[in-house]
Amino acid sequence: MRLSVIGTGYLGATHAACMAELGFEVLGLDVDPAKIDALSRGELPFHEPGLSELLVKHVQSGRLRFTTSYQEVGDWADVHFVGVGTPQKAGESAADMRYVDAAVTSLAQHITRDALIVGKSTVPVGTATRLAGLIQATRAELELPGEVELAWNPEFLREGFAVKDTLHPDRLVVGVDSEHAEQVLRQVYAAPLAEGAPWISTDFETAELVKVAANAFLATKISFINAFSEITETVGGDITTLADAIGHDPRIGRRFLNAGVGFGGGCLPKDIRALQARVSELGLDRTMAFLNDIDDINLRRRDRVVDLAVQVLNEGAVEAPSTVLPGQKIAVLGVTFKPDSDDVRDSPALDVANRLFTAGADVAVYDPQGNRNAAGRFPRLDYVGSLEAAVTGADLAILLTEWDEFKQMDPAQIAPLMKHRAIIDGRNVLDAKAWTDVGFTHAALGHRFKL
Ligand code: NAD
């Protein structure tokens, strides 16, 4: 069976390389010729552990190729996975569906044989039914040969673990409306199925909703613990102990209960907003209204970090940041939305860095992988090539992404480099005592700050 993957970003490039690893011949397509050129040379345009090796291996073996030609994929592949972006529309909450619509329309116009189109992008419920109609209408009008079906197979990979999650998924969800489509997808995923991956075959609407329900739940879990952070920051208490204690209850579980600067990235924030927008369109205005609070709690964490920076640098005084930060040198440690990724889309860390800069601080940013993407968005910040360069001469260091390099920092080595010994732990990963023992002022989210 020959597979195509339409859209070779984080999702698509990973899917393409992993499908080649599973033994399929794969043709990746993107509208960005620079991306296709890089991938064809075996160069991954982003950072994802283990993916570069798979890309090189299968470009060299000839099993994985790339193109910008819809005609080529339409003539060649049996199954077309669609993994193009569904970003938030500018100035609105809803998902921007123009890339999915364009990709599916192009496929419908160029497929010249029997084929299955499989949507993987995260989409508003109702999309697959709409697109199935669009495919049939387009093909009838052009009188093209071959039967083309549609299925929806949402993607659950996590950046940083994308290869493992694709080769060994914790579940496979397929929305289908024929036995044939399900059988084709069972063949594609024969390897993970043989390993025992749960197989959930359902209708289009359920498949679409599973993905957004999962992301809404995860976002809720993070904002839930961060709401409790607002309480412990006010009355005292230890947010990490609280999370550990409730997490022992298997009905709750400890994962995704890490208090910190909150969630970001190219999925959770836009997916909860798109879900609200979609259910409002369906007339269910109140149904997902609680997600407004989830979003607000999340965004307030960024305000809290800036407020803490002001307090730490002004010996406890809380004033408008714009009047108190000029000239202060702040080392920002981490700008990606999570470790082991170079993705800075809707990154809380990068937002905080920019706010500190706007408040007049002299911001030195270091991220093991994210500097380049961050500089593309906020070129005015000072990006440096090492942790040492960032903290040297700084009045304050703020850890905002929990890379191992930052978790393993030795306070005794950092101390002599800084102008003033002050650190804010935006992810609750540092041992407070180790820092205060060598004279640091230490503040952390979810903990009351006292000088
Ligand atoms: P991305 O921006 O990294 O990649 C999207 C790619 O699609 C880009 O390379 C773009 O050039 C290409 N593209 C746009 N229009 C096209 C067209 N008409 N034809 C061909 N290619 C086109 O985005 P991503 O992070 O890979 O996300 C893609 C989808 O997968 C989104 O719906 C997202 O919500 C979902 N998703 C992403 C992840 C993740 O961790 N990144 C996980 C699960 C689901």
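The legends below describe close-up views of a predicted model.

**Figure 1. Overall dimensions and composition of the chain.** The chain contains 20 helices and 14 strands. Along the principal axes, its C-alpha atoms occupy a box of roughly 75 × 50 × 40 Å. Of the 451 residues, 49% count as buried. Among contacts with a separation of 6 or more, 71% join residues 24 or more positions apart.

**Figure 2. Helix α5 and its buried side.** Helix α5, residues 98-110, has 13 residues. From its first C-alpha to its last, α5 reaches 18 Å, close to the 18 Å expected at 1.5 Å a residue. Val100, Ala103, Val104, Leu107 and Ala108 of α5 are buried. These residues lie on the same side of α5, because they cover an arc of only 130° around the axis. The elements that cover them include the strands β1 (2-6), β4 (79-82), β5 (115-119) and β6 (148-152). The helices α4 (70-76) and α6 (127-142) also belong to this cover.

Figure 3. Strand β5 is mostly covered, with five of its five residues buried. Ala115, Ile117 and Gly119 point one way from β5, while Leu116 and Val118 point the other way. In a regular strand, side chains alternate between the two faces of the sheet. β5 pairs with β4 in the parallel sense over four bridges. Within this pairing, phenylalanine 81 stands opposite valine 118 of β5. β4 and β5 are also among the elements that cover the buried residues of α5.

**Figure 4. Helix α1 and the glycine that follows.** Helix α1 comprises residues 10-21, 12 residues in total. The helix reaches 17 Å between its first and last C-alpha atoms, close to the 16 Å expected at 1.5 Å a residue. All 12 of the 12 residues of α1 are buried, so the helix is largely enclosed by the rest of the structure. The buried residues include Tyr10, Leu11, His15, Cys18, Met19 and Glu21. Glycine 23, which follows α1, has a positive phi, near 110°.

**Figure 5. The open parallel sheet of six strands.** Six strands form an open sheet in the order β11-β10-β9-β12-β13-β14, and the pairing is parallel. The edge strands are β11 (382-383) and β14 (441-444), each of which pairs on one side only. β14 pairs with β13 (residues 422-425) in the parallel sense over four bridges. In this pair, isoleucine 423 has histidine 442 of β14 as its bridge partner. Helix α15 (residues 348-358) packs on the sheet, where it touches β9 (329-333) and β10 (362-366). The direction of α15 makes about 160° with that of β10.

Figure 6. Five of the five residues of β9 are buried, so the strand is largely enclosed by the rest of the structure. Lys329, Ala331 and Leu333 point one way from β9, and Ile330 and Val332 point the other way. β9 and β10 pair in the parallel sense over five bridges. The bridge partner of valine 332 is valine 365 in β10.

**Figure 7. Glycine 50 in the loop between α2 and α3.** Glycine 50 is placed in the loop between α2 (33-40) and α3 (51-61). The residue is partly exposed, with 15 other C-beta atoms within 10 Å. Glycine 50 and isoleucine 135 are 85 residues apart in sequence. In space, their C-alpha atoms are 36 Å apart.

**Figure 8. Two loop residues with positive phi.** Glutamate 143 is found in the loop between α6 and β6. Its phi is near 55°, a positive value in a residue other than glycine. With 6 other C-beta atoms within 10 Å, glutamate 143 is exposed. Aspartate 346 lies in the loop between β9 and α15. Phi of aspartate 346 is near 45°, again positive in a residue other than glycine. Aspartate 346 counts as partly exposed, with 19 C-beta neighbours inside 10 Å, because a residue is buried if 20 or more other C-beta atoms lie within that distance.

Notes
Residues numbered from 1 in each chain as written. Predicted model: local features only at pLDDT ≥ 70, side-chain atom pairs only at ≥ 80, totals over all residues. Expected span 1.5 Å × (residues − 1). Arc of directions from axis to C-beta. Contact = placed C-beta atoms within 7 Å. Pairing = 2+ DSSP bridges. Axes fitted to C-alpha atoms, helices over the stretch in contact; angles between N-to-C directions.
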